[in-house]
Amino acid sequence: MTKVLIALVGPTAIGKTNSSIILAKHFNTDVFSADSRQFFKEMHIGTAVPSPLELKTTAHHFIQHISIFDTYSVGDFEREARERLTTYFKSRDIGVLVGGSGLYMDALLYGLDDFPHVPTEIREELNGVLEKKGIEALQEQLKALDAKYYSQVDLGNPHRLIRALEICISSGKPYSSFLGSKKKARDFKFVLVGLHAERAIIYDRINKRVDQMLENGLLEEARALYPHRHLNALNTVGYKELFNHFEGKISLEIAIEEIKKNTRRFAKRQLTWYRKNKDVLWLDHNLTKGEFIDPIEGRIKNLLHAKK
RNA sequence: GGCAUCGUGGCCGAGUGGCUAGGCACAGCUCUGCAAAAGCUUGUACAGCGGUUCGAAUCCGCUCGAUGCCU
């Protein structure tokens with residue numbers, strides 16, 4: 001029996017959570033999250049995690065399953081989620097995946113290459129190089145260790161440079177030599193669905209949701225997390241702006257405007273991520289339940305038939 | 001009514017005769033273990049009209065508009 005994962009993507013605040021639950025109920029499935037911020041159990045309001053009721057009604061995976069103090073990466077997620085799905089599909093035929101993090105979604109749907117484990121000291125050291133000698137030092141080092149990748153990376157992007165270098169250094173082989181190998185086979189097929197709306201509508205929903213988060217107590221949540229502001233998990237829209245406010249750098253009003261602005265820009269990047277992906281079936285966010293489910297059901301049937 | 005100052009791209013803001021500041025926003029884009037991260041690309045705009053000049057956002061005049069002061 002072919003297993004099918006319905007993968008739902010779309011810009012933040014467009015209504016993915018709600019739609020995912022509609023799908024889960026209709027197809028009687030669990031929901032798997034691929035949202036890199038909803039993983040953290042210490043964050044609730046600012047990450048727009050599903051409500052307690054929603055979590056109670058529909059089984060969710062990878063929602064608040066780790067701590068902001070944990071080290072977690074796409075690689076961990078990809079492995080963990082793939083294993084979880086394998087188990088899940090032993091007794092189920094359809095699953096729902098929702099997520100706002102393009103990289104995490106794609107890692108699960110399309111696979112990731114295998115990379116050797118990198119000791120954290122190597123990254124720390126490279127961060128030190130960046131700080132002391134500047135990005136040029138990283139560029140030169142990469143040029144020496146992996147000329148091929150050097151010619152195609154964003155040379156101005158320290159994250160990309162450091163990642164490539166840490167692989168080169170820890171493995172003794174060029175980063176690019178690990179790329180493009182055959183990915184681990186997925187034991188499921190997927191239907192990729194994108195929620196779509198006019199830009200103005202998305203932005204309006206974002207602005208309103210931010211106001212709602214504030215009413216729900218985002219300020220208090222952020223204040224409680226403030227001591228941990230240096231953790232990567234807290235380098236998150238909705239929190240970092242408030243941290244700046246706590247430090248007296250900006251007023252609360254400005255902080256709120258910044259949250260809205262940064263959320264809009266985040267939504268824009270999410271749109272860019274999937275705009276050129278031909279697998280995506282784009283559906284308007286405002287469809288009725290039937291109009292929404294029918295085309296998805298159609299695609300699922302096509303998949304099942306194609307298999308035979 | 002008089003005098004004075006000012007009027008630069010969506011916003012902020014440099015620039016006092018020639019070599020298209022810059023920042024922010026918007027828009028577009030990149031992405032294989034920090035991804036709600038990180039990075040990249042993009043605007044010849046000088047209130048209007050006329051004049052001086054080889055050449056004006058920069059000088060002169062008028063008009064319009066804003067602000068301040070005076071009667």
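Q: What is the mean pLDDT of chain A?
A: The model is predicted, and its scores are ipTM 0.92 and pTM 0.92. Within chain A, 99% of the residues reach a pLDDT of 70 or more. The mean pLDDT of chain A is 95.

Q: Why is chain A described as being as compact as a globular protein of its length?
A: The secondary structure of chain A consists of 13 helices and six strands. For 308 residues the globule rule gives 19 Å, and chain A is close to this value, so it is as compact as a globular protein of that length.

Q: What share of the residues in chain A is buried?
A: The C-alpha trace of chain A spans about 60 × 55 × 30 Å along its principal axes. A residue counts as buried with 20 or more other C-beta atoms within 10 Å of its own. Of the 308 residues in chain A, the buried share is 34%.

Q: Which helix gives the most to the surface near RNA strand B?
A: Helices H3 (74–91), H4 (102–110), H5 (120–133), H8 (158–171) and H12 (252–275) each supply at least two residues of this surface. The top contribution is 10 residues, and it comes from H12.

Key: Residues are numbered from 1 along each chain as its sequence is written. Chains are lettered from A and ligands numbered from 1 in the order in which they are written. This is a predicted model: local features need pLDDT of at least 70, side-chain atom pairs count only at pLDDT 80 or more; totals for chains, interfaces and linings use all residues. Helices (H or I, at least four residues) and strands (E, at least two) are DSSP runs, numbered from the N terminus. pLDDT is the predictor's confidence in each residue, from 0 to 100. The radius of gyration is taken over C-alpha atoms; the globule rule is 2.2 Å times the number of residues to the power 0.38. A residue is buried if 20 or more other C-beta atoms lie within 10 Å of its own, exposed if 12 or fewer, and partly exposed in between; C-beta atoms are placed from the backbone.
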